[in-house]
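This report walks through a two-part question: how is each chain built, and how do the chains meet? The sequence and the model come first.

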Amino acid sequence: MKYYVQETCFYLLVLIIVIASVFPFYYAIITSFKAGTALFEVDYLPTSFNLANYAEVFASPNFIRSIFNSVFIASATVGFAMFLAITASYALARVRFQGRGLLLMTILAVSMFPQIAVLAGLFELVRFLGIFNKPWAMILSYTIFTLPFTVWVLTTFMRDLPMEIEEAAIVDGATPWQIITKVFLPLLWPALVTTGLLAFIGAWNEFLFALTFTASDTQRTVPVAIALLSGSSEFETPWGMLMAASVIVTVPLIILVLIFQKKIVAGLTAGGVKG
Amino acid sequence: MTSYPQHSGGQSLAAQRRKAAFWFLAPMLAALFFVAAWPLLRTIYFSFTDTTLTNLYGGEWIGFKNYLSYRQLSSGRVIWKGTLVDPAWWNAVWNTVRFSVISVAIETVLGIIVALILHRNFVGRGWVRAAILIPWAIPTIVSARMWGWMLNDQFGIINDILLKLHLIETKIAWTANIETAMTAVLIVDVWKTTPFMALLCLAGLQMVPKDIYEAARVDGVHPIKVFFRITLPLIRPALMVAIIFRTLDALRIFDLIYVLTPNSKATKTMSVIARENLIDFDKFAYGAAQSTILFAIIAVFVSAYIWLGKVDLAGEGDR
C-alpha cells in the first residue's frame, strides 16, 4: 500500500513538472490562433483555429526582415567563432605550455563578463568603425560571448580524445595543423555541431547589444523586433500577433533542441562538472 | 599532457608544438582583446570623464566626479554628488542583489529536486527530459512576452486560475504593481532557468557511483540521510559551478526585466539603470561609471567564490 502511495506521489510530481514546463508555450499557441474578442476570454483548451494573426505577422515586411537579419548575424558570428576556436582549443587542450591554466581561466572570465561593462567601449568602437545600425555591429559584439564559449567547450571535448591517436600521427610526421584538420576534425564533428548550435542559440537570443546597436526597424534582430512590437498605445498591445510571432521564432529552436537533446546536454555540462 | 614519444629530435618536437600553439592562439587572443579588453578599458576610462553620447571624443578628465564628489556651500553645508550617493543607483543595487539571491536559491533547490526525479528510471523519462528543455530553448524575450500575457491583469490566465482557486479576491496587476513586479520577474526567471540547473545537477548525480547507494541501502540508512550525507557532498563540485554560473548571469540580468516590467522602480537592476544612463538619458559617462562598478562587483565576487570555494573551474586538477 505504502508503495502505491509513493508511486502516485512521484508521478504526480512528474506531471506537475511537465505541465509547468510546457504550459506557457502551449498557452501562447492557443492564444495565437484566436482573433478579435475571443482573445480576451480565458480558455484552457483550444477553442478556435484562426490564422489571422499569422497572416498579419507574415504581412509585416519588417518582421520577415528581422528573421533574415537574425539568421545572418547568428550564422556569421558562429562561423567566425568556430574558425578561431578550433585551432585555439587544440593548442589549449593538447599542447603543454606555461600559463595555460591562467589563459583558460581568463577566457572563462571573459565569457562571464557583464555585457553592460563593455557597452560604452563597444559603442565607441562601433561608431568608430562606422558599423552602427548594421549587422556587423552585432557580429563584432557577439564575439565577446560566442568565442570564449566555443573555445571553452571545444577544449574540454579535445582533452577527452585519446592520446594514442595523436601520438600515432606525430610518429608519422604530421604537423600540428595536419593533426587538427586530418585527424581531429573528423572525430570531432559531433562536438562541433553541438557547440555551434549552442553558440547559435546564444547569438539568436541576444538582446542588449542588438537593442543598443540598431536604430531602424529594418535592421532589428528577432528579439528586439518582438520586444518593441506594440500597438498604437501602451494599452493596445497586439497580443494575438505577438503570440503568433513568438511561436514562429520559437518552434524551429524547440525542434532543433529536441533533435539534438542528448548532445546539447553533453555540451552544456562539458564546461564545469568534469572538474 | 603526458610526455610524447622521444624519437629523433624529441626536444625540438616539443618546441615545434609550442610554436604552433602560439600561432593557433594568437588570432583568438587578438579577437578577444579587440571585443572584450579594449572596450572594457574604454568604459573604465569614460567613467572618469564627462563624455556625452553625442560627443564621444570631446570628454575631459574629471577624476572621480561620476562616482563621488562634494562641494561645500558658503553656508558650510556639504553637498555630495555622484553614483555612490545616488538613491536610484542603490535601489538598483538592492534590486539586483535581492533578485540574484532569491532566484538562484529557488532555482538550486528546484533544480536538485528535478534532477533527483530525472535520475530515477521510470516510464517516459526521456519525454520529461525533453519537456523541461522547452523553457530553456525559448528565447528570454519571447518568454518575457508570453508570461507578460499570462500575467496580464485583465485577461491573464494566472489571475483566472488564482481566482478560481479562491487564492485571491481581486485581479492583480502583476507586472505593473510595485509590490508584485519583482515576484513576476522571479517567476519567469525560475521557470526559464531551473532546467539548466536541473541538467547540471543531473550530470553531477550521474557521476556518483551506484554501489555507494547500494551500500547505504543495505545498511538501512534513511533516504533523506543518504541525500544529505552522501549525495549532496558528492555533487557539491558540480553544484558549485552551476551556482556560480547562475549567480553571474543573475547579477547582470537585463533583457527579462527590460521587457517584462519596463520602467518599474521595484525591479530596475544595475544593468538596466546603467544602460538607461548610457543611452537613453545622455549621461554617458555616468552610465559608464555604473557599468564599471557592476564589473568590479562581479570581479570581486568571482575571485572570492573561487578562492573560498576552491572551485576547480578549469577542470585542470586531475589532469
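The model is predicted. Chain B holds 11 helices and 2 strands. In sequence order its elements run α-β-β-α-α-α-α-α-α-α-α-α-α. For 319 residues the globule rule gives 20 Å, yet the radius of gyration of chain B is 26 Å, well over that value, so chain B is more spread out than a compact globule. Its C-alpha trace spans about 80 × 80 × 35 Å along the principal axes.

Chain B has two assigned domains. Domain 1 covers 1–40 and domain 2 covers 87–309. The C-alpha centres of domain 1 of chain B and domain 2 of chain B are separated by 38 Å.

Chain A comes next. Its secondary structure comprises 12 helices and 0 strands. The pattern along the sequence is accordingly written α-α-α-α-α-α-α-α-α-α-α-α.

Where they touch, 8 residues of domain 1 of chain A meet 7 residues of domain 2 of chain A. The domain 1 side of that contact consists of 5 nonpolar, 2 polar and 1 charged residues.

Now a helix pair inside chain A. Helix α6 (residues 135–159) and helix α8 (residues 176–205) of chain A have axes that come within 10 Å and cross at roughly 150°. Angles over 145 degrees count as roughly antiparallel. α6(A) and α8(A) are therefore roughly antiparallel to each other. Their crossing is right-handed. On the α6(A) side the contact includes Y142(A), F145(A), F149(A), F157(A) and M158(A). On the α8(A) side, F184(A), L188(A), A191(A) and G202(A) are among the residues involved. By class, this contact has 12 nonpolar, 4 polar and no charged residues.

The two chains also meet each other. In total, 81 residues of chain A contact 81 residues of chain B. Which element gives the most to the chain A side? Helix α1 (residues 2–32) of chain A does, with 11 residues. The chain A side as a whole divides into 58 nonpolar, 17 polar and 6 charged residues.

One helix pair spans the two chains. The axes of α1(A) and helix α3 (residues 125–137) of chain B come within 8 Å and cross at roughly 40°. The crossing is left-handed. From α1(A), the contact takes V14(A), I17(A), V18(A), S21(A), V22(A) and F25(A). From α3(B), it takes V128(B), A131(B), I132(B), I134(B) and P135(B). These residues count as 10 nonpolar, 1 polar and no charged.

| Helix pair | Axes come within | Crossing angle |
|---|---|---|
| α6(A) and α8(A) | 10 Å | roughly 150° |
| α1(A) and α3(B) | 8 Å | roughly 40° |

Notes. Residues are numbered from 1 along each chain as its sequence is written. Chains are lettered from A and ligands numbered from 1 in the order in which they are written. This is a predicted model: local features need pLDDT of at least 70, side-chain atom pairs count only at pLDDT 80 or more; totals for chains, interfaces and linings use all residues. Domain bounds come from an automatic or database domain assignment. Two residues are in contact if their C-beta atoms, placed from the backbone, lie within 7 Å. Helices (H or I, at least four residues) and strands (E, at least two) are DSSP runs, numbered from the N terminus. Ala, Val, Leu, Ile, Met, Phe, Trp, Tyr, Cys and Pro count as nonpolar, Asp, Glu, Lys and Arg as charged, and the others, Gly among them, as polar. Axes are lines fitted to C-alpha atoms, for helices over the stretch in contact, and angles run from 0 to 180 degrees between N-to-C directions. A crossing is left-handed if the near helix is turned anticlockwise from the far one by less than a right angle, and right-handed if clockwise. Angles under 35 degrees count as roughly parallel, over 145 as roughly antiparallel, 65 to 115 as roughly perpendicular and the rest as oblique. The radius of gyration is taken over C-alpha atoms; the globule rule is 2.2 Å times the number of residues to the power 0.38.
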